[in-house]
Amino acid sequence: MSRRGTAKKKTAEFDPISCSRVVNMLVNRILLAIRWLLEASRKRSGTSMTSQLSSELIDAASKKRGKAIRKKEETHKRAEASRSFAHFR
């Protein structure tokens, strides 16, 4: 009789932080923000990607303007509008 396949399998330890829905939501928001910043900086005029990205980051952080900030505000407005009409469903 063979004992093949009866050895105890190693199980990974449960990590509550990496399995948290809140952490996943935050990571998704951060990735979305990075995606918007890169997309806006690609459309910007400039000699190199570094100058485009740096100017977009400066506009977004200090001046509260730029294409990435505008995209965020539009998305939030659409979410609020759909939330306000949710009771009609």
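These are legends for a few close-up views of a predicted model.

Local features here need pLDDT of at least 70 and side-chain atom pairs pLDDT 80 or more, while totals for chains, interfaces and linings use all residues. Residues are numbered from 1 along each chain as its sequence is written, and side-chain values use heavy atoms, with hydrogens and water left out.

View 1. The protein chain has three helices and zero strands (DSSP runs numbered from the N terminus: H or I of at least four residues for helices, E of at least two for strands). Of its 89 residues, 12% count as buried (under 20% relative accessible area with a 1.4 Å probe, protein chains only; exposed is over 50%, partly exposed in between).

**View 2. Six residues make up the largest nonpolar core.** They are Trp36, Leu37, Ala40, Ala60, Ala68 and Ile69; a core here is a set of buried Ala, Val, Leu, Ile, Met, Phe, Trp, Tyr and Cys residues joined through side-chain atoms within 4.5 Å. Helix H1 (21-43) and helix H3 (67-84) each give two or more residues, and H1 has the largest share, with three.

**View 3. Ala68 and the residues it touches.** Leaving aside residues up to four places away in sequence, Ala68 touches Trp36, Leu37, Ala40 and Glu56 (contact: heavy atoms within 4.5 Å).

**View 4. Ile30 sits in helix H1.** Ile30 counts as exposed because its relative accessibility is 52%.
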